[in-house]
Amino acid sequence: MVTPVVNAEKLNNFSKVCEILERFDRQPSKIIPILQAVQEEYRYLPEEIMTFVATSLGISPARVFGVATFYSHFSLEPKGKNIIKVCDGTACHVKGSSGLIDVIRRELKLTEKEPTTEDLLFTLETVSCLGACGLAPAVVINEKVFGQVSKKQMKDLIDEYRTKED
Amino acid sequence: MSQKGIISVNGTKVPLDGEKNLLQVVRKAGIQMPTFCYHSELSVYGACRLCIVDIEGKGIDTSCSTPPRDGMVIKTHTPKLRKMRKTLIELLLANHDNSCTTCDKSSACKLKDLASDLGVTNIPFKKTRESRKPDILSPSLVRYPDKCVLCGDCVRYCHEIQGVGAIDFAYRGEDVVVTPAFNKSLAHVDCINCGQCAAVCPTGAIIPRSEVARVWEALGDESKTVVAQIAPAVRSSIGEMFGIPESSVTVGKIMNALKVIGFKEVYDTSFGADMTVLEETNEFLQRRKRGDERTMFTSCCPGWVKYAEQFHPELNDQLSTCMSPQGMVGSLGKKLISQTEGKLEKDVIMVSIMPCTAKKFEKERPELSHDGTPIVDFVLTTQELGKMIKEAGVVFEEISPASADLPFGLYSTAGLGFGATQGVAEAVARYAARTMNGKELSDFEPVEVENNPQWKEVIINEGALDLKMAVVAGTKNAETLIGKIQSGEVSYDIVEVMACPGGCIAGGGQPVSYDSAIIEKRKAALKNAGKINPIHAPEENPYVQKIIEKMLGGKVGGHEAHDLLHTTYQSRKRIDFDSMSLADAGREAPVEVNVCVGTSCFLRGSQEILASMGDKIEQEHWSGRINLKATFCSESCSHGPTVTVGDRKMFKADMGMVVEEVEKQLGSIPAGAEK
């Protein structure tokens with residue numbers, strides 16, 4: 001017999017989506033902030049939620065899909081719990097950001113096409129410039145900024161965040 | 001817009017007369033201006049850039065998106081403009097799947113024509129896009145993204161005229177593609193299969209799905225009796241494929257061509273239309289007799305029927321239960337032929353020739369079958385028929401006419417009228433008048449509502465007949481009309497809906513035409529085809545009467561007619577999804593509770609039901625015995641919240657009702673019985 005589950009997290013997330021729609025008065029013109037808020041809850045945009053949002057706003061699911069795929073900010077794949085953003089702008093690139101990217105990919109077994117770990121704990125993103133060139137190479141993990149990161153420090157940081165999750 | 005004045009086009013003075021844009025002025029001046037993305041009935045998009053003109057003092061701009069002003073001086077074909085247009089085509093061709101010789105659209109491809117007209121002789125640019133897979137799952141349409149020029153005509157048609165929005169642009173920059181939501185197939189989204197996307201597509205990026213090969217195969221199979229039926233609208237347009245005027249096409253030529261191709265019997269779907277008039281009128285009168293005062297919607301158009309099932313399942317029992325004429329001829333034909341030939345129904349192959357891509361979807365409906373055997377096996381569009389005639393080596397221009405086979409080959413002018421909008425409504429109104437008043441209706445002249453030529457109404461008040469009808473085409477117009485009926489603003493007894501503006505003559509399976517007057521021409525051709533017919537009224541059709549005697553127990557609306565000629569409808573989701581499971585007891589759970597969380601159900605409190613059900617499952621220790629799911633819109637919006645418990649569907653549900661039903665259903669299954 002399968003263990004019965006009331007999926008509390010799903011139910012909770014779902015009521016948040018309803019709150020978000022309320023907050024923006026179900027206005028079709030607010031589709032972008034709505035999707036942003038939904039992505040905050042789910043860390044990506046699940047298909048069924050986009051369909052729900054579309055029918056709630058009275059626009060077609062194809063149009064919502066169009067908006068979601070236009071902006072690189074939106075992700076249609078689940079993202080990891082921890083987002084590692086490595087700046088690969090000119091200054092950071094010169095100061096060795098690609099070495100950091102290699103370290104992260106090796107440590108977390110990631111590739112360019114698969115930027116999220118299987119356990120959904122980490123996602124690697126590269127950004128074009130964080131505007132922190134003085135700190136090059138710069139890395140942001142979740143909301144925290146790390147400057148002048150060496151390969152060794154990068155590995156330590158990954159270990160540190162991994163330990164937190166255990 | 002009543003802009004007056006004069007514009008100089010290539011030195012010729014052109015007076016303005018309310019033209020909305022420069023392109024119209026240029027075309028009025030008799031100048032050929034190529035366009036991909038301009039359609040007068042759609043919004044101006046300005047994407048293809050082919051209609052560029054040089055405006056004195058302003059420079060080069062697209063004429064479609066520039067409003068005309070008095071005194072403008074424009075040039076349309078300067079060396080620079082010609083070079084730019086040529087480059088645009090070269091760039092489009094760089095990433096185009098240039099398999100023109102094997103492309104179904106080859107004979108009507110605007111891109112191919114323009115490349116030739118503008119003198120493009122080589123493609124100097126390299127292919128930069130990865131090839132994308134075609135979408136072949138829909139029964140009605142096939143999409144080849146590699147042939148798309150991103151003009152957006154299909155997107156705007158689907159959105160602006162049909163109000164469906166099944167396809168849209170996705171991704172960005174070089175990756176842009178026209179696609180259904182989530183890169184799904186058209187078969188799995190809210191596409192109503194009307195095929196107007198294919199009709200406006202300038203290339204072969206969206207085309208009707210061809211069944212020609214399978215029909216040839218069936219024709220070659222000696223164990224099968226292969227018969228055909230041909231829809232009214234096909235005769236109005238087939239001549240376009242052979243470059244002969246419609247006035248010289250008689251249905252007899254088509255019938256003879258079909259015989260040469262190898263069909264054993266050839267029938268006319270107009271016979272089914274005659275049958276529909278009798279059944280549908282009777283159905284309407286029965287509804288009124290029962291005290292059902294609600295609007296009845298026609299059900300001949302499968303695009304509209306799918307639209308209604310998806311977006312308005314609350315109207316399911318207001319759709320006429322009559323099968324479409326294709327269904328009626330299929331149903332009666334298969335039964336009769338299998339009896340006379342002593343064959344099983346599966347060995348009688350019914351091929352419909354239709355102006356319509358949605359009919360291809362309709363034939364796959366499980367409701368249109370006799371014990372699992374489809375009543376229509378294949379649907380060919382007018383385009384496909386034209387191709388088969390050519391492939392068979394028939395010289396269509398010269399072939400002599402032959403008559404259709406009986407009993408399903410004889411029809412009335414009223415039945416033939418089903419091929420254009422208003423035909424169904426008029427036939428029903430006239431038959432009702434004859435039945436109730438014993439005399440012909442004095443006139444039937446629907447008038448436009450809100451200046452919309454695709455929405456007309458007519459009020460009939462003659463003798464015992466008191467009837468208010470609306471005739472609407474284009475599902476977006478239908479949507480507006482439904483909204484007004486539901487809000488009580490308007491009321492009608494019968495509403496005829498056709499998904500394609502103009503009706504079947506403008507169907508998505510008709511030959512591709514870039515002639516803006518084509519619908520009027522086909523309408524005239526259809527009318528012309530009716531003139532030679534001596535039978536005007538469906539009930540005067542002697543073979544309709546014979547079939548009623550022989551197959552329908554001698555009466556319209558009887559038990560046999562119900563079995564053979566009527567159908568049912570289903571609620572459909574817009575997008576194929578699994579619902580979101582919130583409490584999962586596994587496959588064996590005795591009771592499944594689905595709560596619709598679509599917009600209007602949500603507004604009516606479905607979320608509270610969902611949350612309370614979650615609590616209730618824990619309190620009552622129902623876990624393991626209930627699957628609780630949030631479904632994304634069961635589209636029964638005006639009756640929300642919609643909850644299904646087991647197989648019982650509840651509208652306007654509240655927590656009390658749901659719990660009561662769950663307890664009832666759980667009660668009939670003792671705890672632990674599932675183990």
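Mentor: Two strands pair if DSSP finds at least two bridges between them. Strands (E, at least two residues) and helices (H or I, at least four) are DSSP runs, numbered from the N terminus. This is a predicted model: local features need pLDDT of at least 70, side-chain atom pairs count only at pLDDT 80 or more, and totals for chains, interfaces and linings use all residues. Residues are numbered from 1 along each chain as its sequence is written, chains are lettered from A and ligands numbered from 1 in the order in which they are written, and side-chain values use heavy atoms, leaving out hydrogens and water.

Start with the sheet in chain A. Four strands form an open sheet in the order 3-2-4-5, and their pairing is mixed. Strand 3 (122-127) and strand 5 (144-146) of chain A are at the edges with a single partner strand each, so one side of each has no neighbour in the sheet. From one strand to the next, the twist averages 20°. Strand 4 (residues 139-141) and strand 5 of chain A run antiparallel and are joined by three bridges. In one of the bridges between strands, Val140(A) has Val145(A) of strand 5 as its partner.

Helix 6 (residues 97-108) of chain A lies across strand 2 (82-87), strand 3 and strand 4 of chain A, at about 155° to strand 2. Contact here means heavy atoms within 4.5 Å; axes are lines fitted to C-alpha atoms, for helices over the stretch in contact, with angles from 0 to 180 degrees between N-to-C directions.

Most residues other than glycine have a negative phi, and most peptide bonds are trans. The loop between strand 3 and strand 4 of chain A holds Pro137(A), and the peptide bond from Ala136(A) to Pro137(A) is cis, with omega near -10°. Gln148(A), in the loop between strand 5 and helix 7 (151-165) of chain A, has a positive phi near 45° although it is not glycine. With 53% relative accessibility, Gln148(A) counts as exposed (buried is under 20% relative accessible area, exposed over 50%, partly exposed in between; 1.4 Å probe, protein chains only).

Next come the aromatic rings. Over all chains, the structure has 11 aromatic pairs (ring centres of Phe, Tyr and Trp, the last by its six-membered ring, within 6.5 Å; planes under 30 degrees apart are stacked, over 60 edge-to-face, the rest tilted). Tyr71(A) and Phe74(A) make an edge-to-face pair, 6.2 Å centre to centre with 85° between the planes. Tyr71(A) is partly exposed at 35% relative accessible area, whereas Phe74(A), at 7%, is buried. Phe271(B) and Phe408(B) also pair edge-to-face, at 5.1 Å and 75°. Phe271(B) is in helix 8 (residues 269-289) of chain B and Phe408(B) in the loop between helix 12 (382-391) and helix 13 (413-416), so the pair ties together parts 137 residues apart in sequence. Both Phe271(B) and Phe408(B) are buried. Pro407(B) is also found in the loop between helix 12 and helix 13 of chain B, and the peptide bond from Leu406(B) to Pro407(B) is cis, with omega near 10°.
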